[in-house]
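Subject: Structure handover

Hello,

Here is the structure you were waiting for. My notes on it follow below.

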Amino acid sequence: MAVAASDVTAKGKARRSRPDRSPGGRKPWSAAGFLLPALLLLGALVVYPLVDTIAQSFQDSSTRAPVGFENYSRALDRDSTITALKNTFVWVVLVPGLITGGGLIFAVLTERVRYGTAVKVILFMPMAISALSVGVIWRVMYEPDPDRGLVNALVGVGANAVAGAGAYPNATAGAEQDIEQTSAGMTSNQEVSAGDTVVFGLTAITDAEVPPEAEQAVMPEAAEGAITATVWRDFKPGGGTPGEIEEGEFGLPNAPVELVDESGSVVASEVTGSNGSVTFEDPGGGPFTPRVAAATFDEGFQGFSWLAPALVTPSIIGAFLWASVGFAVVVVGAGLAALPRDLLEAARTDGATEWQVFRHITIPLMAPVLGVVFITMTINVLKLFDIVYVTAPGASIEAAQVVALDMWRTSFQARNFGVGAAIAVFLFLMVIPIMVLNLRRFRREES
Amino acid sequence: MSATAEGVAQPREATKTSEPLTQRMAGRFSRGPLYIFLVLVGLFWIIPSFGLLVTSFRTPAAYSESGWWTVFTDPAQITFQNYADLLQNDSIVNGLLNTVKIAVPSSIAVVVVAALAAYAFAWMKFKGRDLLFLLVVAMLVVPLQMALIPASRLFNITGIFGTVWAVILFHIAFGLPFAIFLLRNFFAGIPKDLLEAARIDGASEWQIFRRLILPLGMPAIASLLIFQFLWTWNDLLVGLVFGGESAPLTVLIRQQMRTYGTSIDVIAPGAFLLMIVPLIVFFAFQRYFVQGLLAGAVK
């Protein structure tokens, strides 16, 4: 839990009184009585364990004999600790800044509209939710199949609009066909020259995939100086005879057919009509290898595996931003509301542009508040455990590893307390600069 | 300029928002795009949670076939069976009970223990007070990972490991630094004259604490209580390490996630069940929630 030690509201500042406020409490034993429960609990479960963890990090797990820095070097020899340190570094470098910046932007924007408060409430509602629920929410969102995961479904809408899925993504070459499915498309094994015909019988095309404008397929007719081709669905209810264009079998429109010369370059490309036929009027000499272009069979966007090892950390960062930016919005928003309005007005009267006011007055005045948000988020990110542990699937957990998670897994799954204690000390060392910062600020505010 | 139009309505709202700031961006955004942008942002923040809600009403078979949004075209997918099964699931129900047994007493205890200490720090004179309080401030950022190993040994020795008591005690201890810090700052702002008058009237420290400090400190105490409750209710790590057979709901749902795809009918409604209480608390006590957030920046 917690905390940048500061009170960000003007109200809070005014509330805090000077030190040496108390003439009372003359009886030290009564002070002791008030303090006793807190001191006992803090002593037994915070201070003593902290000292003991540091001690254990220099001791053998079972015998507790001193081993110097052995636990530390063993920790640093492990891939998981190295990954954890790297990932925690990435988190600390990226996330507090993104949240503080995002908070500032959203706070400024929501202030401008009447229903801004409602947007603020929505933004910071996820703060009340457990990391476990946040993890489950985003597991559902990040499902890799675009038919099941909303993130991929939305990306897919964009990706397919740009690249476009093919007309017949699942089609395969039918039986009794002299064609081969390659990365370039459905390539005929038969070479053609002017006056020849060629057919492409495809199967595994569902009724839904056959476009409504499709008509009865026709056998291509040889024509002088031209090459004609038909692409059709070599299947009709009941099956039909493979390799033959029969009554009831549809031509496949919108399939680009290409002629490839011996050097491998495409010399002509035409799209099939509603009966599946296409005619190359004047293809030139040849011979050519005809093929149905690969784009026809492009399966379109198949979805990113957001939670696979390669993407898991950025994806969890996304979920964490979703869950945490509301905190920044509320704290920064309160800070904005407390800005001295006359100062801003004076600057405007003096002819400062809105950008100058923002840059030279608002930002400097807001610096302490932005600092509090930044530091609070830095601590949270350093101690990050549950959202990673819940969101990363088993296969990705090593790739998503962070220091606090590594500490738990080492200590309580592998039962290696010595190395676990060393990792905990790493974590402690990372928060010490913030501790010093907090103490300094506290002393300054008190005096 | 749109800000001029806004200026007409301004006097009424003058105390609520700071218009200069709202004017600031006026030249850079016209209202329309801003509204659309904020609506999109709002949707983006609501839809994921809504997706979980819908998912919690679908069968695992439906989950493995299609996205939750297909319920809009095929409402027949919706089933209440998941929740019915969940409430028949002894281990889940037990976990929910444990969560209540942990969250309620530990939040109350933190507030009581911290209020006592905060009063001493704010209004009593004793040797080493300032140093001791600096120590509390230092403890604000100590990661609880620093205490897990020794504390689990302590709990083993005392025989409370694996009971709710271990989880409760640990939550209290690690909630205290923030709680003491927050309450001490608030108590210190209570007017000195009130306390002096009470002391002249011969009230004991305990009486002053009970009759004066606690009632006057209620806003801060309420904020703290809410935060502590949400924190302990939502906790996974402490329950995971010390809970054992008395693990809270978070731990039990996490265990189900090992077989994520086939257990989605437990995980989704379980995760949603876990969210309901914090959301109710959040909406019912939003004011205190925000106050607590601002009075110290939190969790």
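A:Val93 counts as exposed because its relative accessibility is 51%, and the cut-off for exposed is over 50%. Please keep in mind that this is a predicted model. A:Val93 sits in helix α4 of chain A, residues 79-112. On the surface, A:Val93 belongs to a nonpolar patch with A:Phe89, A:Val90, A:Leu94 and A:Leu98, and together they have about 460 Å² of accessible area.

Helix α5 of chain A (residues 116-124) has buried residues: A:Gly116, A:Val119, A:Val121, A:Leu123 and A:Phe124. Their cover comes from both chains, including α4 and α8 of chain A and α3, α15 and α16 of chain B.

In chain B, Thr232 is part of helix α12, residues 218-234. B:Thr232 counts as buried because its relative accessibility is 5%. Its side chain reaches the backbone oxygen of B:Gln228 at 2.8 Å. Beyond neighbours within four places in sequence, B:Thr232 is in contact with B:Ala103, B:Ser106, B:Ser107 and B:His171.

Over all chains there are 12 salt bridges. Among them:

- A:Glu70 with A:Arg74, at 3.7 Å, N to O. Both are in helix α3 of chain A, four residues apart.
- A:Arg348 with A:Glu345, at 3.2 Å, N to O. Both are in helix α9 of chain A, three residues apart; A:Arg348 is buried at 14%, whereas A:Glu345 is partly exposed at 34%.
- A:Arg409 with A:Glu398, at 2.9 Å, N to O. This pair links distant parts of the chain, α13 and α12 of chain A, 11 residues apart.

Salt bridges with shared partners also join A:Asp52, A:Arg64 and B:Arg153 into one network.

Regards

Methods. Residues numbered from 1 in each chain as written. Chains lettered and ligands numbered in written order. Predicted model: local features only at pLDDT ≥ 70, side-chain atom pairs only at ≥ 80, totals over all residues. Heavy atoms only, no water. Helix = DSSP H or I, 4+ residues; strand = E, 2+ residues; numbered from the N terminus. Buried < 20%, exposed > 50% of the residue type's maximum accessible area, 1.4 Å probe, protein only. Polar contact = N/O pair within 3.5 Å; in protein donor to acceptor, adjacent residues only side chain to side chain. Contact = heavy atoms within 4.5 Å. Patch = residues over 30% accessible without salt bridge, like charges linked within 9 Å, V, L, I, M, F, W, Y side chains within 5 Å. Areas by Shrake-Rupley, 256 points an atom, 1.4 Å probe, with all protein chains shown as cover. Salt bridge = Lys/Arg side-chain N within 4 Å of Asp/Glu carboxyl O.
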